Amino acid sequence: MANKVFGPKLFKNLGFHVRRLNSAPSPFSAVPPLNFTGDFNAVPNLVEPTPQINNTTTHHPHINNNIINFNDVKELFYGVPTTKLIRSSLTLQMAAIEPMVDLGMWVMNSKLMEMPVFRDVMLGFVKNTFYEHFCAGKDLTEVRRTVMNLSDSGLKAMLDYGVEHAAENESCEQSTTAFIQTIESTKSLPQSSASFVVAKITAICTPSLLKRMSDLLRWELKDPSLNLPWKRRTVPLFAESSPVYHTWEKPEPLTVEEERDLELAHERLKKICEKCLEHDVPLLIDAEDSTIQPAIDYFAYSAAIKYHKDDQPLIFGTIQAYLKDAKERMVMAKKAAEKMGVPMGFKLVRGAYMCSEKALASSLGFNSPIHDSIEQTHACFNSCAEFMIEEIANGSGAVVLATHNIESGKLAATKAIDLGIKNERQSLQFAQLYGMADGLSFGLRNAGFQVSKYLPFGPVEQIMHYLMRRAEENRGMLSTSAFDRQLMRKELSRRLEVATS
């Protein structure tokens, strides 16, 4: 349906006029790969109070509040230029102004963007503000500079070329080429500065085919006698509590053409995995909504079984802790892989499709697959993290804890230190989005943990959807934005005082 131009008086009702950010793919997301010169599921938390700098003590019985020190801002932001602190503080402040976010969303989804001059002006503004704050650059030359700056500050990089939701095989092939070039670029980066390369299965296999596969996999759960001749060796994809309401009737088998396309997708993933093995860089596979997630898990787990580095996983799938079945599915997959002698790695996030998941379940007459409260989501994330840290302590598996939540960071760090695995850097890592939760990133770094920043990159117009989602989250979903601004202002005030004394 074509976008309509609405007046500012309707901003308060924007939800009725613009596409939900976590539903259908953006029109920008199918742009072909950039001309490479040189080379992420978001991890949103739900609404929660903003921690206070001078009152960061958490009364959780299992937290050591001395592990991460937020009071010493000089130590926290060492190595960060003053100009970057000022720019970051101003950009986060803009993104936190609700009318500005509403206005930006309205403009980007309106016919005004079809006017060349207006479009150029808007993209120029976005590039010099939100883009430079949340993204690593338009190509691999710019990405390299960003990665080196991160490395100088003691952080690592997850390289995420911003392409997803391919429409046909040609786009899938272009995406595969881009992912492979990203992997190859790591050899020109400082040693170990890139912790992961990120790939989206929707970029190498069309969402329509992923939906067909997911329907068949769900029906196989209902009827184990169903024959799926294309299915490869994997670990359990569903738990007893997993929702299957997406598939109401027995799906037709994949057609000959669909099976051919599936084989092509497997071949693309094979090329990516082999390139990761060659360059010794792990692959992180992002999650999507539950409509197509079973097929994405199938790709991730079947590849993880085939490709790994001795006792270290090469392929990391993603578990979204805001789903009620997250812990059960993760434990089942981990234990099944262990029986196969396969090392299993996960990225643990809270989740990025809360609105669309709830809406879909409600439209079909079912309860939401999302936890009923923020506290339950936090508890699930922390429980999953504890399980994996204990598994690592026993010599099995690896996990990336992708969180902006300070209490979750402290809990996991406390548990790791108690079990003596702080220095198991390949097995336990923390991650935050580039441009967000810097206080937590630097605090965990100072505590001795490996910390990575999720670095999306590509042309501005290609990852506009990503930028809009960051602004939306920053406004109301992530308390760490306000907390980071407090930390930055405190450090800027300290530096000003030193300079003028």
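Helices (H or I, at least four residues) and strands (E, at least two) are DSSP runs, numbered from the N terminus, and Asp 325 lies in the loop between β6 (315-320) and α10 (326-340). This is a predicted model, in which local features need pLDDT of at least 70 and side-chain atom pairs count only at pLDDT 80 or more, while totals for chains, interfaces and linings use all residues. Residues are numbered from 1 along each chain as its sequence is written, and side-chain values use heavy atoms, with hydrogens and water left out.

**Asp 325**

- Asp 325 has a relative accessible area of 6% and is therefore buried (under 20% relative accessible area, with exposed over 50% and partly exposed in between; 1.4 Å probe, protein chains only).
- Leaving aside neighbours within four places in sequence, Asp 325 is in contact (heavy atoms within 4.5 Å) with Ser 241, Ser 242 and Pro 243.

**Helices α10 and α12**

- The axes of α10 and helix α12 (residues 374-393), which are lines fitted to C-alpha atoms over the stretch in contact, with angles running from 0 to 180 degrees between N-to-C directions, lie 9 Å apart at an angle of about 15°.

**Ala 416**

- Ala 416, found in helix α13 (residues 406-418), counts as buried at 0% relative accessibility.
- Although 30 residues apart along the chain, Ala 416 and Glu 386 have C-alpha atoms separated by 8.7 Å.
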